[in-house]
Amino acid sequence: QLSGLAWGEQRRRHPLRIKLLERLMQLGLDRELCRELAEKVEYGRDPEQNWKQALGLLARDLTVSDDDILSEGGVIALVGATGVGKTTTIAKLAARYMLRHGANRVALVTTDSFRIGAHQQLRTYGQILGLPVYIANDSNELRTTLDGLRDKDLVLIDTAGMSQRDLRLHEQFELLRGSSSRIKSYAVLSTTTQRVALDETLRALEKVELSGCILTKTDETVALGEALSVVRRHRLPVAYVCDGQRVPEDIHPARAAKLVSQAVALMRRFEAELPEEDEMAIAFAGKGAMHG
C-alpha cells in the first residue's frame, strides 16, 4: 500500500519519467537498467524525444567487438548451454572465414564426448564445407590437436552443451584452461532464454575468461531486452548476432544501435504489454529513481 501511494505521488509529479519507465520495461530490460536510463535522460516536454534519448543511452552502454573472429582468426572456443546454437554458429563462422580467406586456413574441433552422436552434426558441416574435423576427449588430446593445427589461421572449438548447473561443465572449463593459453572463449547465448537463466549461465562461465558473446535466435525471440540487460550487466562485448539457420548468411557482426532498434521493433511487433501498475509501484516507488 505504501509503495502504491508513493508510486501515485511520483506519477503525479513526474509523468514523463513514469511514461519512459513503462516503455523501457516493455523492451524487457531489467529494473535496474530502466532506472539508470531514466535517471540519465534530460527531460523535455516531448515523450518521443525522451524515448529516443534513452534508446541512445542504451546503445552507448552496450559493448560490441569489431568482427574480430573473422578479421583476426585465432583459436576460438564457443561455450554455453545445450541447444543455444553453438555448432551451427561454428559452421557460420567457418563458412564466412572461408569466403574471405580460403578453405585451407580453417579447422574444426569438438570436445563434446558426453552426448551420443554429438560429433555428427559438426562432422556433417565439415563435410559440406570441406573442412577437417578433429575430436579431443581431454586436455592432453586438445593440446596435441591444437599443436598440430598451428598452420591454420582459424581453429573453431565446439564444446559440450549442457545445463549451467551440470557438474560436468567444470570438466569442460578445465579442458579449455589446461590446453592452451591461445584459446579465446565466447559465450553463445540464446535470446529466447529468460533473463534469470542467461544470468545463471554467465555466472557459471565466470571461471572461463570470456572474450565476448554471440547472441543467437534473434529471429525466434519476442523480446531482446532481457539478453541486452544481461550482457550489459556482465560488461560482456557482443561479437555477433545470429538470426536464422542458414549457413553462412544468418550471422552478422554486432552493432549496438542495431540491437536496440531490433529490440524496439520486436516490442512493437509483438505489442508488448504495459507492466502492471502494482508491479511498477513495487519496482520503482521510493527507490530513488524519481528524485528531483
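A: By the rule that a salt bridge is a side-chain nitrogen of Lys or Arg within 4 Å of a carboxyl oxygen of Asp or Glu, the count comes to eleven salt bridges. The model is predicted, so local features need pLDDT of at least 70 and side-chain atom pairs count only at pLDDT 80 or more, while totals for chains, interfaces and linings use all residues. Residues are numbered from 1 along each chain as its sequence is written, and side-chain values use heavy atoms, with hydrogens and water left out.

Q: Which residue forms a salt bridge with Arg 23?

A: Side chains of opposite charge can pair when their charged atoms come close. Here the partner of Arg 23 is Glu 48, and the closest N and O atoms are 2.9 Å apart. Helices (H or I, at least four residues) and strands (E, at least two) are DSSP runs, numbered from the N terminus.

Q: Is Arg 23 buried or exposed?

A: Buried means under 20% relative accessible area, exposed over 50%, and partly exposed in between, with a 1.4 Å probe and protein chains only. Arg 23 has 11% relative accessibility and counts as buried. Glu 48, at 36%, counts as partly exposed.

Q: How should I read a salt bridge inside one helix?

A: An α-helix has 3.6 residues a turn, so residues three or four places apart point the same way. Glu 32 and Arg 35 give a case, their side chains meeting in a salt bridge of 2.8 Å, N to O. Both sit in helix 3 (residues 31-40), where being three residues apart separates them by about one helical turn. Glu 32 is partly exposed at 44% relative accessibility, whereas Arg 35 is buried at 9%.

Q: Where do Arg 105 and Asp 153 lie?

A: The side chains of Arg 105 and Asp 153 form a salt bridge (2.9 Å, N to O). Arg 105 is in the loop between helix 6 (86-101) and strand 2 (106-110), and Asp 153 is in the loop between helix 8 (139-148) and strand 4 (154-158), so this pair ties together parts that are 48 residues apart in sequence. Arg 105 is partly exposed at 23% relative accessibility, and Asp 153 is partly exposed at 34%. Elsewhere, salt bridges that share partners join Asp 30, Asp 199, Arg 203 and Arg 233 into one network.

Q: How do helix 2 and helix 4 pack?

A: Two packed helices are described by the angle between their axes and the distance between the axes. The axes are lines fitted to C-alpha atoms, for helices over the stretch in contact, and angles run from 0 to 180 degrees between N-to-C directions. For helix 2 and helix 4 the angle is about 50 degrees and the axes are 10 Å apart. Angles under 35 degrees count as roughly parallel, over 145 as roughly antiparallel, 65 to 115 as roughly perpendicular and the rest as oblique. Helix 2 and helix 4 are therefore oblique to each other.

Q: Which residues of helix 2 and helix 4 meet?

A: Contact means heavy atoms within 4.5 Å. Leu 16, Leu 20, Arg 23 and Leu 24 of helix 2 meet Pro 47, Glu 48, Asn 50, Trp 51 and Ala 54 of helix 4.

Q: Which residues of helix 10 are buried?

A: In helix 10 (residues 195-204), the buried residues include Leu 198, Asp 199, Glu 200, Thr 201 and Leu 202. Among the elements covering them are strand 5 (183-190), strand 6 (210-216) and helix 11 (225-233).

Q: What should I look for in the backbone?

A: Look at omega and phi. The peptide bond from Val 247 to Pro 248 is cis, with omega near 0 degrees, and Pro 248 is placed in the loop between strand 7 (238-242) and strand 8 (251-253). Lys 217 has phi near 60 degrees, a positive value in a residue other than glycine. Lys 217 lies in the loop between strand 6 and helix 11 and is partly exposed at 22% relative accessibility.

Q: What does Asp 219 touch, not counting residues up to four places away in sequence?

A: Asp 219 touches Asp 243 and Gly 244 on that basis. The C-alpha atoms of Asp 219 and Asp 243 are separated by 4.8 Å, although the two are 24 residues apart along the chain. Asp 219 is in the loop between strand 6 and helix 11 and is partly exposed, with a relative accessible area of 41%.
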